[in-house]
Amino acid sequence: MLWLMILAVVGLVFAPAMWLRPSRRQQRVMGLREHARELGVAVRIESSPLHDGGETLPAYRWRYPPQQPGPDFLVVREALASESLKACQPGWRWRVEPLRDLPGDASNQLATLLETLPEDAVVVESSAACLTLWWDESLSREAFTRLEAGMTDLAKELAGRPDYPGAHSRLRAPRAPSAGS
C-alpha cells in the first residue's frame, strides 16, 4: 500500500511537467520555423488578411531588397474568397491585383507556385517590402525547402517592380557626391 501512495505522489509531482511538454506537432512546427529562419525567411504569427474575424496565422516573409520594392497584390485560396473576386488561376482569386501586369516570367512563376502550394496555404501577398505566405505550416522541413526555393525565385523576379516606382525613391541608395560639388 505504501508503494502505491509513493507512486501516486510521484505521479502528481511529474504530471504538470508532462502537460507542459510540446506535442509532436508543436515540435515539428518549431523545427520548421527554425529551418525557415536559417534560410533567411522571417516568420511571425499575425492577424491574417482574411475577412473572417482576424484569425491569426503564421506569416512567412521573403524580403525584397530595400532598393528594389515589389508590387502590391493579394491572392486568396478560392475556398476562402468571395465569388465576386476575379479569378487569378484555378483555385485562387485576386483580392488585390497588381496595378501593372506582372511580366511573363513573374506571372508564370506565380502560377506555378500557386499550383504547388499545400492545401493549408490560404494567402500569398506581396507588398513593397516583402512576399508573404500565410499558411498553417503543414510541410516537413524537406518539402518546405522546395517551397522556399520557389518563393525565393518568385521574390527575385518581383523585386524592383513596384506599383508606384516614384513612391519608393526614399528606399534607393543615396547618390555619391559629384566631383564638382
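Helices (H or I, at least four residues) and strands (E, at least two) are DSSP runs, numbered from the N terminus.

**Figure 1. Overall fold of the predicted protein chain.** The chain holds 4 helices and 7 strands. Along the sequence, their pattern is α-α-β-β-β-β-β-α-β-β-α. Of the 181 residues, 38% count as buried (under 20% relative accessible area, with exposed over 50% and partly exposed in between; 1.4 Å probe, protein chains only). Take contacts (heavy atoms within 4.5 Å) between residues at least 6 apart in sequence: 62% join residues at least 24 apart. This is a predicted model, where local features need pLDDT of at least 70 and side-chain atom pairs count only at pLDDT 80 or more, while totals for chains, interfaces and linings use all residues. Residues are numbered from 1 along each chain as its sequence is written, and side-chain values use heavy atoms, without hydrogens and water.

**Figure 2. Packing of H3 against H4.** H3 (residues 104-116) and H4 (residues 141-158) pack at an angle of about 155°, axes 9 Å apart. Axes are lines fitted to C-alpha atoms, for helices over the stretch in contact; angles run from 0 to 180 degrees between N-to-C directions. H3 is therefore roughly antiparallel to H4 (over 145 degrees; under 35 is roughly parallel, 65 to 115 roughly perpendicular, the rest oblique). Their crossing is left-handed (near helix turned anticlockwise from the far one by less than a right angle; clockwise is right-handed). From H3, Asp105, Ala106, Gln109, Leu110 and Leu113 meet H4 residues including Leu147, Met151 and Leu154. This contact has 7 nonpolar, 2 polar and 3 charged residues. Nonpolar covers Ala, Val, Leu, Ile, Met, Phe, Trp, Tyr, Cys and Pro; charged covers Asp, Glu, Lys and Arg; the others, Gly among them, are polar.

**Figure 3. Crossing of H2 and H4.** The two axes come within 10 Å and cross at roughly 35°. The crossing is right-handed. Gly31, Leu32, His35, Ala36 and Glu38 in H2 meet Arg141, Phe144 and Thr145 in H4. By class, the residues divide into 3 nonpolar, 3 polar and 2 charged.

**Figure 4. The largest nonpolar core.** A nonpolar core is a set of buried Ala, Val, Leu, Ile, Met, Phe, Trp, Tyr and Cys residues joined through side-chain atoms within 4.5 Å. Of its 31 residues, Tyr60, Trp62, Phe73, Leu117, Leu131, Leu133 and Phe144 touch the most other members. H4 gives the most, with 7 residues.

**Figure 5. Surroundings of Trp62.** Beyond its neighbours within four places in sequence, Trp62 contacts residues including Val41, Cys130, Phe144, Glu148 and Ala155.
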